[in-house]
Amino acid sequence: MGKRRTILLGGLAIVAVAAGVVGVRTATFAPTDIADGSDIRLAAAPKYDLDAAVAHLSAAAQIRTISHQDPAENEVAEWDRLHAWLATTYPATHRAMTRTILPNRTLIYHWPGSDAALAPIIVMAHQDVVPVTEGTEGDWKYPPFAGTIAEQAVWGRGTVDDKGSLVGLFEAIEALAVQGFQPKRGIYLVSGHDEEAGGSGAVAAAAKLKAEGVKALFTLDEGSVVLRDTPIIDGPAILIGVAEKGYATLKVTANAPGGHSSMPPAETGVTTLARAVLAITDKPFPTEMRGPGAGMVEALAAHKGGTTKMAVANQWLFGPLLKGQLSASPSSAAAFHTTIAPTMLQGSPKENVLPQSANALINYRIAPWNSSADVMARAKAAVGEAPVELSWVKQPNEPSRVSSSSSQGWKYIVAAARADAPDAVVAPYLVVAATDSRSMEPISQDVYRFMPMHFTLKQTAMIHGTNEHMTVDSFKRMIDFYARLIATSAG
């Protein structure tokens with residue numbers, strides 16, 4: 001009886017200690033190294049004609065700078081048309097800034113600062129848009145390339161991704177130039193011509209700027225938004241991308257004798273390929289609470305409080321439960337592991353012929369703590385001795401480095417974003433797609449990805465989708481944000 005009592009008391013003591021640890025860690029928990037920008041004195045947004053700005057976005061949306069998978073299908077004259085339109089529409093900008101048009105149609109604008117000792121800033125927005133899927137044109141409420149102004153919005157392909165940012169930047173810079181703004185810190189505006197098809201334009205622009213000795217304080221490009229119904233807090237959050245995942249496509253090839261389908265062997269090239277693909281996908285990368293995704297969860301949980309804060313503050317106890325919740329949906333899980341997505345299959349050219357070679361393409365989005373070497377090693381281990389070949393379709397893009405969430409550049413961006421979203425939580429964010437900004441890493445201290453549009457999760461589905469549109473409210477927020485940011489950081 002005494003032994004049982006001792007064990008019981010010991011167990012209760014352990015529970016009490018654990019409860020005490022949980023309580024203390026929860027009470028003292030706070031996200032680290034996330035600056036709120038409160039020490040930044042923010043410049044006021046200049047005056048401008050919002051109706052004229054909206055009309056300008058409408059006009060830009062009508063210029064069909066569509067990046068096709070095959071560049072030979074692109075209408076190059078549309079890029080020239082856009083350049084001429086920018087020069088006509090924004091005369092003060094073109095007087096204040098020098099313009100360089102690279103042979104590939106990428107644009108570099110430069111507004112020199114009065115103090116050469118100050119590192120410049122780089123702002124970015126790409127010129128091209130994705131195609132509208134053939135046969136879906138009739139699903140649009142308004143024609144996708146008409147730039148229709150209706151329902152307090154501008155409708156059309158690219159109004160959000162990314163001509164809204166491009167026109168918003170020009171509107172902001174034009175307003176600053178008209179009012180006589182003179183920057184102390186140099187300003188570069190880089191606009192890639194093919195972000196939607198690989199981003200070779202941004203690579204070329206970065207190489208040119210590097211050759212000129214440019215080392216920017218920060219770069220800002222597209223990538224995230226002010227999310228009004230952010231998971232965990234079910235409220236607004238300023239999510240600033242501090243990193244983006246890598247990109248790689250693995251080709252899995254199964255070679256076989258081929259032959260007539262009426263006399264198939266026990267295993268064909270297709271079945272070998274199928275087993276290999278399943279072996280790779282059945283060995284997913286683990287969910288890990290680390291990197292920008294973890295920083296975001298910590299910031300949101302600290303604001304939420306209660307049991308959510310308790311779970312995040314005590315991952316030593318609640319880690320498995322937390323990972324399970326984060327893995328519940330593909331959209332949330334993507335920020336916490338390297339994803340594996342088979343996307344294309346190719347076999348025989350005819351239904352009754354056994355292929356001599358069957359292959360599959362598997363697309364990976366690589367988390368910042370992994371690399372393409374990790375991906376290849378894991379795939380090889382998964383297929384084991386299976387008679388397949390593994391190769392990259394093209395050289396992978398490694399994950400970006402993680403930028404600071406407490407640097408001067410971060411503070412400038414946060415201060416400008418909070419000017420019209422004072423109720424929002426500020427959090428770092430991992431961009432799971434790819435942007436042109438990754439090319440600026442060699443010439444920029446930090447690289448950030450953020451647009452000040454106010455979106456709900458449902459509204460984000462229209463990007464690259466049907467009925468893409470920019471609300472007038474979001475567009476005004478964008479112009480004001482860019483103007484404040486540029487005037488504050490470069491003034």
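A pocket is an open set of grid points with protein on both sides within 12 Å along at least five of seven lines. The model examined here is predicted.

**Exercise 1. The second largest pocket**

Find the volume of the second largest pocket, describe its lining by class, and name the helix that gives the largest share.

Solution. 
- Step 1. Start with the space: the second largest pocket holds about 210 Å³.
- Step 2. List the lining. It has 15 residues, and Gly291, Pro292, Gly295, Ser405 and Pro428 lie nearest the centre of the pocket.
- Step 3. Sort by class. Seven lining residues are nonpolar, six are polar and two are charged.
- Step 4. Assign the source. Helix H8 (residues 291-304) provides the largest share, five residues.

**Exercise 2. The cavity**

State how many cavities of 30 Å³ or more the structure holds, then characterise the lining of the largest cavity.

Solution. 
- Step 1. Count: there is one cavity of 30 Å³ or more.
- Step 2. Size: the largest cavity has a volume of about 40 Å³.
- Step 3. Lining: Ile280, Lys283, Phe285, Ile340, Tyr364, Val375, Arg378, Ala379 and Ala382 surround the space.
- Step 4. Class: seven of these residues are nonpolar, none is polar and two are charged.
- Step 5. Source: helix H12 (residues 372-383) gives the largest share of the lining, four residues.

**Exercise 3. Packing of H9 and H10**

Classify the packing of helix H9 against helix H10 from the angle between their axes, and describe the contact.

Solution. 
- Step 1. A pair of packed helices is described by the angle and the distance between the axes.
- Step 2. Read them off. Helix H9 (residues 306-313) and helix H10 (residues 315-326) pack at about 110°, with axes 6 Å apart.
- Step 3. Apply the cut-off. Angles of 65 to 115 degrees count as roughly perpendicular, so H9 is roughly perpendicular to H10.
- Step 4. Name the contact. H9 contributes Met310, Ala311, Val312 and Ala313; H10 contributes Gln315, Phe318 and Leu322.
- Step 5. Sort the contact residues. Six are nonpolar, one is polar and none is charged.

**Exercise 4. The setting of Ala434**

Solution. 
- Step 1. List contacts. Apart from neighbours within four places in sequence, Ala434 touches Glu195, Glu244 and Arg365.
- Step 2. Compare sequence with space. Ala434 and Pro330 are 104 residues apart in sequence, and their C-alpha atoms are 17 Å apart.

Conventions
Residues numbered from 1 in each chain as written. Predicted model: local features only at pLDDT ≥ 70, side-chain atom pairs only at ≥ 80, totals over all residues. Heavy atoms only, no water. 1 Å grid on protein atoms, 1.4 Å probe; cavity = no way out; pocket = protein on both sides within 12 Å on 5 of 7 lines; lining within 4 Å. Points joined across faces, edges and corners; volume = space filled by probe spheres on them. Helix = DSSP H or I, 4+ residues; strand = E, 2+ residues; numbered from the N terminus. Nonpolar A, V, L, I, M, F, W, Y, C, P; charged D, E, K, R; others polar. Axes fitted to C-alpha atoms, helices over the stretch in contact; angles between N-to-C directions. Parallel < 35°, antiparallel > 145°, perpendicular 65-115°, else oblique. Contact = heavy atoms within 4.5 Å.
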